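User: I'd like to learn how to read a ligand site and a few backbone angles. Can you walk me through it?

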Amino acid sequence: MRRSLAWLILFTMLLAACGGSRHPDHEQVSPNERIVIKFSHVVAENTPKGLAARRFAAIMKERTGGRVEVQVFPNSQLYGDGEEVSRLRSNDVQMIAPSLSNLSDWDPLWQVFDLPYLFDDEQGVDRVVTGSTGQQLYAGLRRLDMEPIAFWQNGFKHFTNSRGSLLLPDQFKGLRFRTQPSPVMRDALRLLGAESSYRTFDAIYTALASRELDGQENTPSNMYSKRIYEVQPYMTLSSHGYLGYVVLVNATFWNSLPPDLRETMREAMADTTQWVRENAARLNAEALERIEAGGKVIIHRQTVNEREFWRQAMEPAYRLAGERVGADAVARVIREARGE
Ligand code: LMR
């Protein structure tokens with residue numbers, strides 16, 4: 001009896017040690033054949049980008065039988081938004097998905113995406129990304145040894161602040177806002193009589209909680225996951241700008257991959273991107289509902305007239321951007337955004 005019990009225990013231990021047939025993926029590759037891709041990003045996991053990165057990692061694991069392991073590092077765990085592009089270029093990480101504003105330091109043309117009220121809807125964003133502006137920008141990324149493999153949506157940005165409801169442009173006077181590294185947003189806020197100050201994404205909460213800054217602009221999913229609603233009692237649903245990401249791979253690493261893996265990666269990315277397209281708006285709507293249900297924020301839904309006042313007040317930002325990137329480039333992006 002004791003002996004058969006001992007056999008049973010030994011048998012069970014052996015099964016557990018083998019991992020059993022439940023994890024065949026780990027057994028198809030030896031550890032030295034495994035390819036590790038570090039994917040670093042700055043936002044929380046329960047956001048469009050955070051969920052998409054995890055989804056991509058899971059698809060890659062499944063479709064390569066564990067040959068490729070995508071390690072996702074969220075929440076600026078590895079690198080903040082200020083340094084992720086240079087870390088990608090030096091191959092410290094192999095994948096990132098920076099917001100478009102973060103690319104304007106590398107190619108000033110990216111700043112056109114921040115032009116206030118350029119986009120009425122996401123179709124407009126798509127037209128610019130896939131149009132000649134997008135092609136020119138993607139070619140520039142390739143010259144910097146980065147391979148753009150997808151565009152991921154987040155959503156439209158809204159303003160929050162700690163001073164009072166923002167209905168008319170005058171109410172911005174004297175307020176200080178956190179922005180991304182964006183010359184266009186700097187101009188736009190200046191035109192409203194406000195100031196902008198760049199902070200990395202992980203520094204927003206502290207800057208607002210300490211009242212060092214009065215406000216910020218972001219999407220509901222970013223505001224909810226970073227608890228911005230705790231320290232910003234006023235929100236205006238202004239949709240004045242769009243937050244999206246280019247998914248980038250270190251080009252030397254990309255080119256070193258066997259063609260079959262590149263193809264698998266492209267397909268996994270296409271499926272992930274489709275998921276983002278179908279879910280980003282829902283995730284932002286849910287985040288907004290939660291912020292609203294929390295009862296800490298007075299939410300103002302901008303009217304058509306108010307939007308027009310804000311648009312007019314910020315319009316000179318287009319001319320100023322034209323002085324930096326060329327008036328033709330600005331005119332082209334307007335045409336593409338409008339589908340003309
Ligand atoms: C921000 O800095 O506000 C955003 O770029 C963060 C992000 O990546 O969504």
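User: How far is an oxygen atom of the ligand from an N or O atom in the side chain of Asn-222?

Analyst: Keep in mind that this is a predicted model. For a polar contact, look for a pair of N or O atoms within 3.5 Å. Here the side chain of Asn-222 places an N or O atom 2.9 Å from a ligand oxygen. The protein buries 99% of the 270 Å² that the ligand exposes when taken alone. Arg-178 has a polar side-chain atom 2.8 Å from an oxygen atom of the ligand, and for Ser-99 that distance is 3.2 Å.

User: Which residues surround the ligand, and how do the shell residues divide by type?

Analyst: Around the ligand you'll find Val-42, Val-43, Lys-49, Asp-81, Ser-99, Arg-178, Gln-180, Phe-201, Asn-218, Asn-222, Leu-243 and Tyr-245. That shell splits into five nonpolar, four polar and three charged residues. As for the space the ligand takes, that's the largest cavity.

User: Now the backbone. What is phi of Asn-75 near, and where is Asn-75 found?

Analyst: The general idea: most residues other than glycine have a negative phi. Asn-75 has a positive one, near 55°, and is found in the loop between strand S2 (68-73) and helix H3 (84-89). With 32% relative accessibility, Asn-75 counts as partly exposed.

User: And what about phi of Asn-91?

Analyst: Positive again, near 65° for Asn-91. Asn-91 has its place in the loop between H3 and strand S3 (95-96). Its relative accessible area is 34%, so Asn-91 is partly exposed.

Technical notes
Residues numbered from 1 in each chain as written. Predicted model: local features only at pLDDT ≥ 70, side-chain atom pairs only at ≥ 80, totals over all residues. Heavy atoms only, no water. Near = heavy atom within 4 Å. Polar contact = N/O pair within 3.5 Å; in protein donor to acceptor, adjacent residues only side chain to side chain. Areas by Shrake-Rupley, 256 points an atom, 1.4 Å probe, with all protein chains shown as cover. 1 Å grid on protein atoms, 1.4 Å probe; cavity = no way out; pocket = protein on both sides within 12 Å on 5 of 7 lines; lining within 4 Å. Sits in = over half its atoms within 2 Å of the grid points. Nonpolar A, V, L, I, M, F, W, Y, C, P; charged D, E, K, R; others polar. Helix = DSSP H or I, 4+ residues; strand = E, 2+ residues; numbered from the N terminus. Buried < 20%, exposed > 50% of the residue type's maximum accessible area, 1.4 Å probe, protein only.
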